[in-house]
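Q: Can you take me through this one? I have the sequence and the model open.

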Amino acid sequence: MAEARAVLGVDVGGTFTDAVLSVGGRFHRAKVPTAADQSQSVMAAAEQVIAAAGIEAAAVTYFAHGMTTATNALLERKGARTASLATSGFGDLLEIGRQDRPRLYDACPRKPPSLVPRELRFTVRERVGAGGVIEELTAAEAERVAAEVAAAAPAAVAVCLLFSFLQPEHERRLGEELRRRLPGVHVSLSSEVLPQFREYERFSTTAVDAYLTPVVARYLEALAEKAEAAGLPAPAIMQSSGGVLPLEKAAASAALLLLSGPAAGVVGAIHAASASGAGDLITFDMGGTSTDVSLVRGGEVSTTTGVNIGGCPVALPMVDIHTIGAGGGSIAWVDAGGALRVGPTSAGAEPGPACYGRGGEEPTVTDADICLGYLGEQLGGDGGMALDKVAAETAIDRLAAALDLSRDDTALGIRRVANANMVKAIKVISVERGHDPREFTLVAFGGAGPMHAAELAQELEIRRVLVPGSSGVLSALGMVVGDQRRDWVRTVLADCGWDEGLLEEVCEQMAARAHRELPGAELRFTADVRYQGQSHELGVELERPVKREQVEAALAAAHEQAYGFRMQSPPELVNIRLAAVRPGEAPAPAAEPAAGEEAAERRLACFDGEWLDIEVRRRGSIGADGVTGPLGIEEGEATTVVPPGWKARGDAAGNLWLERS
Amino acid sequence: MSASRAKRGRGAPDPVTIQVIASALRSICEEMGAALVRASYSANIKERRDCSTALFDSRGRLVAQAEHIPVHLGAMPDAVAAVLAEDPAPGDVFILNDPFRGGTHLPDITLVSAIEREGEVIAFAASRAHHADVGGREPGSMPADSTTLEEEGVVIPPTRLVAAGELEEDFLRDILSRMRRPQERRGDLEAQLGAATIAARRLNQLVDRKGMEAVSAAMAEAPAYSERRMHAAIASLPDGVYRAEDYLERDARDLVIAVRVEVRGEEIFIDFEGTSPQEEGNLNCPMSVTRSACYYAVRVVTDPDIPPNAGSLAPVRVSAPEGSLVNARPPAAVAGGNVEASQRIADAVLLAFAEAVDLPAQGQGTMNNLTIGNDDFNYYETIGGGAGACPDRDGASGIHLGTTNTLNTPIEALEMAYPLRVERYELRRGSGGSGRHRGGDGIVRTLRLLAPARLSLLADRRRHGPRGAGGGEAGMPGRDFVNDREVPPKLTRSLEQGDMVRIETPGGGGYGAATADTAPAAPAAGKAGKEKEAAAAAKTAPAAGAGGGLGVSPLLVLALLLALDLAMGVLFLLTRNSPSVGLMRAFHLDVEYNVPSTYSTLQLILAGVFAFKCARVDRERRLGGVRASTVWLAISAVLMIMAADEFFAIHERSDYLLYGLYGRYPSLAQLGGYAWPWTVFGFILAVAVAVPMARYTWRIFAGRRRYFFLLALAGLIFVVAAAGIEDFDVYMLHFHAGFKEDYVTLVEEVLEMVAVSLAAFVFVAYRRSRLREKGAKEGGDAAQ
């Protein structure tokens, strides 16, 4: 039966498009450069991996896809011409935002440009308050405003009225009126996109949805056509929450797809780690220009609803990924205070680090790695890209002169400053959220991740590092193994209070909807709770039937963990959230066949200022018995560094473990 | 880095280790701040993040800080210094809010904890947060009309809140009992104590890992590093002395903030000599607030990325006369100093820096503090406004600026929590000043009360709109209404259920002279009360566009007048020996009621008019107690008197009066060698007028010193010509037969005319430069 299934995942990244095809438990991989038209690269990668597996396209039973179209359109402000419709008196909410400026000391404070220009902001006479309707929306007023909006000929409309999370009726009626008058124009209603209190965040999320959906829908339609022509099934799309959505749902609500790619990476990491029995993870994806970190508890992604992309808050559940602008290509420099700094400027792929020999002259983290002997003269060993060690040394020497340090000290310094930046990023998602990193396994992937992981672990006192077997295409793997997932939220603060019957009724309604839209899914309820008078909620498990004592106890524990103390005040239940999850289509991967023993290479590498003669081995030669560091392990384009005092071993799931001995 | 290397002893940690630890210290502050914001109760902490956290070394030097709003930056070290004076023991936590002993204003409560390790204090952690209420006369503890500190709330001098690990429960209960909603206050204080716990735990973990020696070294190096970077940043600013003045509005009066900024090498000296004395009301600042506002401005013009600590502040020296508005003595009321005066101080310092570096026009410069409350609730909000336009783009609209950066309260959160309804929250379109780049728009926020309550409003920039830059127009001043009736911006009163409060915040200044396509579009269709402003904006815009809005060109004036001066001289030379006595008289320089004398009269009148127009431009400027316009009027008056004298030959006629006094035509010897009797009196008169005026004239030309020297040169030429040469002339006539008088007369009279021309030029040039600064508004009037 397993032989009948062929599951395809394609992830579009900034530089490469990766494809993974699972046929009967065996994985095949392909990598092609990303072209301007993303749907072309998707098809190219798909064809390549299908050819590699030696099957027919028609044999593919499931096709999942992660993309950057939505994020790029938002960052570059290349979305649809969007109009907004708000309660009279509140037309500029999107531009005002929360009144704060992003940088405290800017001489010229700037706000990110609003998605809806002033001339496309419309208001409607109606008002709902915390206690219900204050001013009815008349039919005449709805018609008037719909005509006004239609006259401006927008490509999308975002509707957000005050308190529509309590009373969505006005928004619905306006939605109907607008859709009637503007056929083919996408209308996003805040009560559908995010029925949750705090008007600005809801409005912003709705506007992002309206702004991106026409663009994303166009892309997905083109892709679906190409897939159909090639005989592939219609693609399912990875959403920011780490679950997969069917094509039609994705094409109707683009705000769900902003972190499509990075979320898949975390899902892939969870999948790989769970095969080795690890569930509490800190994922560490270090690439050329940026590094993504995320925290995973019990094999579940942590999601957040407080994400800001391109200056727009998007309050939908997304995998809690913290990104910093530092990677292997980050440039090292000396600032006016004489301190060694790394990044945020990056050499990128062109010209790249000095050692790429493409004209880059600035010293980068990768140049430091090669000077210290962590990287050989060929990226990933024989057959990889040739690296110019002399160019790297020249670049580091120039910096060493400015710092009045030796070459070794300079290179070690660059690594340590870069690592300190990474440590800080990991602390943001762990320590600052009340989690002790020592209880987690560090999962390292991305081009530079495995080379830095052990040192980070040392700094954070993490005892175990896991380097997944398919670390190069982990995101594509995530697509293949990703669960089907849908999320819903309801703000219950104003109209339910602690009435357990009412709350239970809300849960029942939400569950019914989930069963309708994703039959057979497993339902998980959580509650956003706080103490009366506080403004920030904590998410806790919500058990059914709803019992106040259970929620209170969960809040007390969560508060203690996050902020170091408990409160005496009464708790408040603000939102109920539901995540419906149906397990993914792919079977667990089989272990990679071991490549057997081969002759080890030797190299000089510098640890803590001491040059040691280390062994450099192929990944496949590391068995379950383990090898003691110092050691280098090469596979594909990634090199894993095992410092002295650490031990590396391979396991049955094809993953590599680094442990402190 | 070489400096630190030189200091590094054997076995001491290397620079990279120090940097890694310094980064960890900043992380600790950030973690404290995150925990405080998320666990607190006061809207001002949890929604608006009006709080800061910091770490200090064992001697009280600021090592690292997590700031959420700038006004706390320079004020935290004072709190720790005040606690150090109380001899803190390991594990003690102090509480304080006394503005004159380490605090800022009373709602800002600061906790300073002495972090213990093995029985010793290894560092101090501090957290400062704006509490919703600290007692006092008005709910929210931000009365607009307080005159003493006691009225504003409970004053807490540095006191032990936790002694040897034990909470001083009686003391805490006592201070809480004097505040409204003590349960909430306790929650906020517990959140601050939680932050202190986190700091102690994390710092000890860091020492466990890195060792005390390395951590101490990092605590010493972090400030040294910031200081090096600050030195480098200041060195890149042009050296010089820059001055500016700005105003706070107290009823119908203006309170002056006068600042002198000196950039000298790698240091900056900021002084407030000339600032108004401390006032009866509550716009007074303790020195700590003044310092914070200055540091804010300095960071804006230097490098905002320099980690803030003792080192980054060291190269900036701030001084202010004691007892002045910006260095108030107890028991002055200070509620408004922290929120409003701090903004104006930053504005004034930036205005001075604007002479040295290219900076945007002024932003709203107020926080529009709105407090509504009764015994059941306290609602406090600050409202954003327009940002000044930048040299390269329009200003942002509806944004917080300067020394604050707090978030708004979401309408849906507000209405669920308080008996209030928001009826309008929109941009005040068209309120930004026009210019090549437009100033940002302010905000209109309307609230209706669903229960009776007290209102405290504390806002500024209601008369003087934020100034434009480079010829851009000023932004509209803000306005405040209760039930559609305009009310004063500093107000405490009762409101009934159903009453409506509307705040319209100022727009930002424009940048650069407006051209036809950047003039404001017709503002949005007339909301009541907006037409007048809209009309005013529309009226000035085209005029500003047409003539550049800056009046006549000063160089043109100078060229024209000098040409005429020379023409008078040439005509005199050509006609002095003319056979026609009429022609000779008509152009003779030594004869009254002829062409040159009429010309001189007109020239003096013209200069007088120009000086008068300067008075109009400088209407709102103050020079430490005297209005700049008064000085200009005096100058104008002197010129008018001189014109009358020239035309009616008054001083010449006075000679006859004096002759009468002497009884006969006196000899030169009798006159003490002076040719004319009036000379002596004229000199005395000139000195009597010039000396006191020189002082104010010097101040008027602050930042435009070349004009002062040009004017002084003109005066000197005039005096030398009128008194010296004329005297010499007469003397020679008396004692040297055959002396060719004509040439001396020529030099003397032409020099007089040139001097007046020069003065006229200075006035025109000064006015133009002021108009550039103020925006094109008055320029429009002049062009009409």
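Q: How many residues does the contact take from chain B and from chain A?
A: The contact takes 62 residues from chain B and 54 residues from chain A, where two residues are in contact if their C-beta atoms, placed from the backbone, lie within 7 Å. This is a predicted model: local features need pLDDT of at least 70 and side-chain atom pairs count only at pLDDT 80 or more, while totals for chains, interfaces and linings use all residues. Residues are numbered from 1 along each chain as its sequence is written, and chains are lettered from A and ligands numbered from 1 in the order in which they are written.

Q: Which element gives the largest share of the chain B side?
A: α2(B), with 10 residues; helices (H or I, at least four residues) and strands (E, at least two) are DSSP runs, numbered from the N terminus.

Q: OK, cores. Which residues have the most contacts inside the largest nonpolar one?
A: V157(A), L442(A), L55(B), A199(B), A297(B) and V349(B), in a core of 372 residues. α2(B) gives the most to this core, 15 residues. A nonpolar core is a set of buried Ala, Val, Leu, Ile, Met, Phe, Trp, Tyr and Cys residues joined through C-beta atoms within 7 Å, and buried means 20 or more other C-beta atoms within 10 Å of a residue's own.

Q: What is A297(B) in contact with, leaving aside neighbours within four places in sequence?
A: A346(B), V349(B), L350(B) and F353(B).

Q: Domains: what separates the centres of domain 1 and domain 3 of chain A?
A: 39 Å, taken over C-alpha atoms. The bounds, from an automatic or database domain assignment, are 1–66 for domain 1 and 485–581 for domain 3.

Key. A residue is buried if 20 or more other C-beta atoms lie within 10 Å of its own, exposed if 12 or fewer, and partly exposed in between; C-beta atoms are placed from the backbone.
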